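Here are a few notes to read alongside the model. Have it open on your screen and take the points in order.

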Amino acid sequence: MKLNLLSCDAQRPDRRAIAQCIMEISSNISESLANELTDILLEGDAVDIEVEDKNSGSALRALRKLSIDYEIIE
C-alpha cells in the first residue's frame, strides 16, 4: 500500500519519533532516508512511502498518534 504523508499537525513534532515510525512502517527506508523524509514532511511538503499490507493497520494508527495527516494512494 502506498501512502502520501501530507503534514504533521502536532504542536511540537518529535522528529526522532516520526523518523523512527517512518523507518519501521515502510518496506525499504533506511534511518538516514527516514530522517530526510521527516525533515521534508515538517517543512510542509508531502512525502510518499510504501507500507507492507500486513503492517497497514498498525502503520495508520502510529501515524495518527503522531498527528500526521495522510492519504492512501493505493
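1. Arg16 and Glu24 are exposed, and they sit on the face of α1 that is turned away from its buried side. Bear in mind that you are looking at a predicted model.

2. Now for the other face. Which residues of helix α1 (residues 15-25) are buried? They are Ile18, Ala19, Cys21, Ile22 and Ile25. These residues cover an arc of only 160° around the axis, so they end up on the same side of α1. As background, an α-helix has 3.6 residues a turn, so residues three or four places apart point the same way.

3. What do the buried residues of α1 pack against? Their partners are β1 (2-8), α2 (31-42), β2 (47-50), α3 (56-65) and β3 (68-72).

4. Stepping back to the overall layout, the protein chain has three helices and three strands. Their order along the sequence is β-α-α-β-α-β. The radius of gyration is 11 Å, close to the 11 Å that the globule rule gives for 74 residues, so the chain is as compact as a globular protein of that length.

5. Take the contacts with a separation of 6 or more: 73% of them are between residues 24 or more positions apart. Of the 74 residues in the protein chain, 34% are buried.

6. Next, the surface and the charges. The accessible surface of the protein chain is about 4700 Å², and carbon and sulfur atoms account for 41% of that.

7. Have a look at Leu33, which is part of helix α2. Is Leu33 buried or partly exposed? Its relative accessibility is 34%, so Leu33 counts as partly exposed. Between the C-alpha atoms of Leu33 and Met23 there are 8.3 Å, and the two residues are ten apart along the chain.

8. Last stop: Ser67, in the loop between α3 and β3. Ser67 is not a glycine, yet it has a positive phi of about 60°. With a relative accessibility of 31%, Ser67 counts as partly exposed.

Note on methods
Residues numbered from 1 in each chain as written. Predicted model: local features only at pLDDT ≥ 70, side-chain atom pairs only at ≥ 80, totals over all residues. Heavy atoms only, no water. Helix = DSSP H or I, 4+ residues; strand = E, 2+ residues; numbered from the N terminus. Rg over C-alpha atoms; globule rule 2.2 N^0.38 Å. Buried < 20%, exposed > 50% of the residue type's maximum accessible area, 1.4 Å probe, protein only. Contact = heavy atoms within 4.5 Å. Areas by Shrake-Rupley, 256 points an atom, 1.4 Å probe, with all protein chains shown as cover. Arc of directions from axis to C-beta.
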